[in-house]
Amino acid sequence: MNLTIISIGNKLSPWELEGINYYTKQLKNKIDINFINIKGQQHPKRSIEEVLKLESGYILKKIPDDSFLISWDSNGDMVDSKEFSKIFENSMINNLKLCFVIGGSFGLDKNILNNSQKVLSASNFTFPHRLFRIILIEQIYRAFSIISNSPYHK
């Protein structure tokens with residue numbers, strides 16, 4: 001299974017890489033994950049709308065063709081880990097390529113959200129992008145643990 005995670009933000013720090021690598025190593029036989037990091041476009045001379053539009057353009061260029069697009073947004077649907085695992089089950093059954101998009105500090109442009117097959121929210125909390133990437137990869141690992149009836153998910 002192929003999965004792309006597109007994220008707006010800074011280059012990954014060593015501790016982020018360590019956290020992400022911890023889970024991706026455990027997933028290596030189940031899923032091929034491609035991480036794409038796009039530099040945020042914030043600038044004092046740009047409005048929020050301009051930043052979102054610029055970031056949206058970069059994101060759209062990186063979405064693999066024929067992907068099932070899932071965006072993360074605070075107004076998206078909340079799902080639990082079991083419901084999240086069903087997204088992966090469905091994609092494996094239907095041979096779908098998944099693509100997750102994590103916006104910058106201003107979120108995602110409506111163009112991205114409107115073109116997404118699913119828009120999810122992780123929590124009512126606001127997470128820093130550095131942590132959310134790790135939370136997402138852990139939830140992906142948990143989803144595969146649920147699918148395979150592994151004792152990891154309790």
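**Entry 1: helix H1**

I started with helix H1, residues 14-27, which has 14 residues and reaches 20 Å from its first C-alpha to its last, close to the 20 Å expected at 1.5 Å a residue. I kept in mind that this is a predicted model.

Which residues of H1 are buried? I found Glu-16, Gly-19, Ile-20, Tyr-23, Thr-24 and Leu-27. Next I looked up their partners: the buried residues of H1 pack against strand E2 (32-38) and helix H5 (129-147).

**Entry 2: positive phi**

I then turned to the backbone angles. Most residues other than glycine have a negative phi, and I wanted the exceptions.

Asp-66 has a positive phi of about 60°, although it is not a glycine. I located Asp-66 in the loop between helix H2 (48-62) and strand E3 (67-78). Is Asp-66 buried or exposed? Its relative accessibility is 69%, so I noted Asp-66 as exposed, the cut-off being over 50%.

Asn-149 went on my list too: it is not a glycine, yet its phi is positive, at about 55°. Asn-149 sits in the segment after H5. Asn-149 counts as exposed because its relative accessibility is 68%. I also checked a distance: Asn-149 and Cys-99 are 50 residues apart along the chain, and their C-alpha atoms are separated by 24 Å.

**Entry 3: the largest pocket**

On to empty space, with a probe the size of a water molecule rolled over the atoms. I noted a volume of about 450 Å³ for the largest pocket. It is lined by 20 residues, and those closest to its centre are Trp-72, Asp-73, Ser-74, Thr-126 and Phe-127. Which elements give two or more residues to this lining? They are E3, strand E5 (118-121) and H5. E3 gives the most, with three residues. Sorting the lining of the largest pocket by class, I got nine nonpolar, 10 polar and one charged residues.

**Entry 4: the second largest pocket**

The second largest pocket has a volume of about 220 Å³. Of the 13 residues that line it, I wrote down Ile-8, Gly-9, Asn-10, Gly-40 and Gln-42 as the closest to its centre. Which element gives the most to the lining of the second largest pocket? That is H5, with three residues. By class, I read one nonpolar, eight polar and four charged residues in the lining of the second largest pocket.

Terms used. Residues are numbered from 1 along each chain as its sequence is written. This is a predicted model: local features need pLDDT of at least 70, side-chain atom pairs count only at pLDDT 80 or more; totals for chains, interfaces and linings use all residues. Side-chain values use heavy atoms; hydrogens and water are left out. Helices (H or I, at least four residues) and strands (E, at least two) are DSSP runs, numbered from the N terminus. The expected span of a helix is 1.5 Å times one less than its number of residues. Buried means under 20% relative accessible area, exposed over 50%, partly exposed in between (1.4 Å probe, protein chains only). Contact means heavy atoms within 4.5 Å. On a 1 Å grid over the protein atoms alone, a cavity is a set of points where a 1.4 Å probe fits but cannot get out, and a pocket is an open set with protein on both sides within 12 Å along at least five of seven lines; lining residues have an atom within 4 Å of a point. Grid points are joined across faces, edges and corners, and a volume is the space filled by probe spheres set on the points. Ala, Val, Leu, Ile, Met, Phe, Trp, Tyr, Cys and Pro count as nonpolar, Asp, Glu, Lys and Arg as charged, and the others, Gly among them, as polar.
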